Amino acid sequence: MGLLGAFVLGYWMGTRAGEDGAKRMMSAGLKILQSEEFQSTLAGVAGMARGALGQVLDKGAERGLKVA
């Protein structure tokens, strides 16, 4: 939900900034997405998600549930 809100806010700001402003915002967004810090954060979140999923699957296996 927060991502959708950020998108709407960014879109609205882009329409107010004009074509040059929208290009600057896109450039800044790409720099953020390609930054080492963002990539590291993303990798950390993915690792935590894998760990949580593994725990859920392990608990299910303990209770005799099978994953197709």
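Predicted model: local features only at pLDDT ≥ 70, side-chain atom pairs only at ≥ 80, totals over all residues.
## Helix packing

Helix H1 covers residues 2-34 and helix H2 covers residues 36-62. The two pack with their axes 5 Å apart, at an angle of about 55 degrees.

On the H1 side, the contact is made by Ile-32, Leu-33 and Gln-34. On the H2 side, Glu-36, Phe-38 and Gln-39 take part. By class, this contact has three nonpolar residues, two polar residues and one charged residue.

## Helix H2 and the residue after it

How far apart are the end C-alpha atoms of H2? They are 39 Å apart. The expected span is 1.5 Å times one less than the number of residues, so the 27 residues of H2 should span 39 Å, which agrees.

Just after H2, Gly-64 has a positive phi of about 85 degrees.

## The largest pocket

The largest pocket holds about 450 Å³ of space. Its lining consists of 13 residues. Those nearest the pocket centre are Ala-6, Gly-10, Met-25, Met-26 and Gly-29.

Which classes make up the lining of the largest pocket? Ten of the lining residues are nonpolar and three are polar, while no charged residues are present.

Definitions and conventions
Residues numbered from 1 in each chain as written. Heavy atoms only, no water. 1 Å grid on protein atoms, 1.4 Å probe; cavity = no way out; pocket = protein on both sides within 12 Å on 5 of 7 lines; lining within 4 Å. Points joined across faces, edges and corners; volume = space filled by probe spheres on them. Nonpolar A, V, L, I, M, F, W, Y, C, P; charged D, E, K, R; others polar. Axes fitted to C-alpha atoms, helices over the stretch in contact; angles between N-to-C directions. Helix = DSSP H or I, 4+ residues; strand = E, 2+ residues; numbered from the N terminus. Contact = heavy atoms within 4.5 Å.
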